[in-house]
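Please look at the structure below before reading on. The briefing then goes through it by topic.

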Amino acid sequence: MRLIIREDHTEVSDYIANYIKERINQFQPSEDRPFVLGLPTGSSPIGVYKKMVELYKSGDISFKHVVTFNMDEYVGLPRDHPESYHSFMWKNLFMHVDIKPENVHILNGNAPDLDEECKKYEAAIAAVGGIELFLGGIGPDGHIAFNEPGSSLTSRTRVKTLAYETIIANARFFDGDVNKVPKLALTVGVATVMDAREVVVIITGAHKSIALAKCIEDGVNHMWTVSSIQLHPKGLIVCDEDSTLELHVKSIEHVHQVLIGTENLGLQGGVKQLKSATNASSRPKTPMNAPHE
Ligand SMILES: N[C@@H]1[C@@H](O)[C@H](O)[C@@H](COP(=O)(O)O)O[C@@H]1O
């Protein structure tokens, strides 16, 4: 697992958007071999989507051969409700890029048979050969998608009751009224996310600092479902300074960033810092993913 720390939310967003751009372009997707991307909602990825739209407009990325699967959707909220995850995704990303509507997959929280809808979703993911890269955010309680504390780490797409903490956290999108927040959601499972060939998680803000520490410095634990990323062969967490307040080994990451400098995507001052602080040329090359691996 790699941990990348950037100064603030904007830098984190730029880093992840550029990272995904590189992954899609390296993959060279085609009609027959599309790039399959898992996507989250919430406030965390908005900056990533904004940057991805910019990269599309500047001709650096195309979604023509990208197939997407979103993580989750509320149950019972009309699809065209401004806070449905359908509305969110079209407003923040899909309507601004060249993705084909038939390549977009979002769980239908109004399906007549919700269990069947979840089964079909897993089958659709399998039918395209699995997810290449799953981008996720986390809740302050360390949940990924809607896999609330206590969710099985082997869980698949299913109906989930939201934790009261999540309902409170999401009330900000519903006029601050907890009564307006749906109490059920459809969500991919922890195992659905971890089946992806690569998992990238965005974590920003001091209110997520305990979750970040629990998820990467404590053991793998179903009470902090993002901790399952520790077992993933290709897991990446990109976080801001504020979210690292509770980390014990942050200093290692700082030294590492100085060592790798601008080799890494989105890094701007690393080499400059290194040159002024140390004699870079005499140091052995450090693998990019050494700390927290
Ligand atoms: N189901 C979503 C999650 O996928 C998201 O990661 C979380 C955090 O949201 P935010 O990024 O707004 O903090 O909110 C919801 O619970």
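E1 and E10 run parallel and are joined by 5 bridges. In this pairing, Leu3 stands opposite Ile237 of E10. The model is a predicted one, and its secondary structure comes to 9 helices and 10 strands.

**The sheet**

- The sheet is open and has 7 strands, paired in parallel, in the order E1-E10-E9-E6-E2-E3-E5.
- Strand E1 (2–6) and strand E5 (104–105) are at the edges; each has a single partner strand, so one side of each is left without a neighbour in the sheet.
- E10 also pairs with E9 in the parallel sense, again over 5 bridges. Here Val201 is the residue that stands opposite Ile237 in E10.
- Elsewhere in the sheet, strand E2 (residues 35–39) pairs with strand E3 (residues 66–70) in the parallel sense, over 5 bridges. Phe35 stands opposite Val66 of E3.

**Strand E10 and burial**

- How many of the residues of E10 are buried? The count is 6 of its 6 residues, and the strand is described as mostly covered.
- Both faces of E10 are covered. Gly235, Ile237 and Cys239 are buried on one side, and Leu236, Val238 and Asp240 are buried on the other.
- In the protein as a whole, buried residues make up 43% of the 293 residues.

**Helices beside the sheet**

- Helix H1 (residues 9–27) lies across E1, E2, E3, strand E6 (133–136), strand E9 (198–203) and strand E10 (235–240). The helix runs at about 155 degrees to E10.
- Helix H7 (residues 209–217) has the buried residues Ser209, Ala211, Leu212, Ala213, Cys215 and Ile216. Among the elements that cover these buried residues are E1, E9 and E10.

**The nonpolar core**

- In soluble globular proteins, nonpolar side chains tend to be buried together.
- The largest nonpolar core in this model has 70 residues. Which of them touch the most other members? They are Ile16, Val200, Val201, Ile237 and Val238.
- H1 gives the largest share of this core, with 7 residues.
- Beyond its neighbours within four places in sequence, Val201 is in contact with Gly136, Ile138, Val226, Ile229 and Ile237.

**The ligand**

- The ligand is surrounded by 13 residues, of which Pro40, Gly42, Ser43, Ser44 and Gly137 are the closest.
- By class, this shell has 5 nonpolar, 7 polar and 1 charged residues.

**An exposed position: His248**

- His248 is in the loop between E10 and helix H8 (250–260).
- Why does His248 count as exposed? The residue has 8 C-beta neighbours inside 10 Å, and a residue is exposed if that number is 12 or fewer.
- His248 and Ile167 are 81 residues apart along the chain, and their C-alpha atoms are separated by 30 Å.

How values were computed: Residues are numbered from 1 along each chain as its sequence is written. This is a predicted model: local features need pLDDT of at least 70, side-chain atom pairs count only at pLDDT 80 or more; totals for chains, interfaces and linings use all residues. Two strands pair if DSSP finds at least two bridges between them. Helices (H or I, at least four residues) and strands (E, at least two) are DSSP runs, numbered from the N terminus. Two residues are in contact if their C-beta atoms, placed from the backbone, lie within 7 Å. Axes are lines fitted to C-alpha atoms, for helices over the stretch in contact, and angles run from 0 to 180 degrees between N-to-C directions. A nonpolar core is a set of buried Ala, Val, Leu, Ile, Met, Phe, Trp, Tyr and Cys residues joined through C-beta atoms within 7 Å. A residue is buried if 20 or more other C-beta atoms lie within 10 Å of its own, exposed if 12 or fewer, and partly exposed in between; C-beta atoms are placed from the backbone. A residue is near a molecule or strand if its C-beta atom, placed from the backbone, lies within 6 Å of it. Ala, Val, Leu, Ile, Met, Phe, Trp, Tyr, Cys and Pro count as nonpolar, Asp, Glu, Lys and Arg as charged, and the others, Gly among them, as polar.
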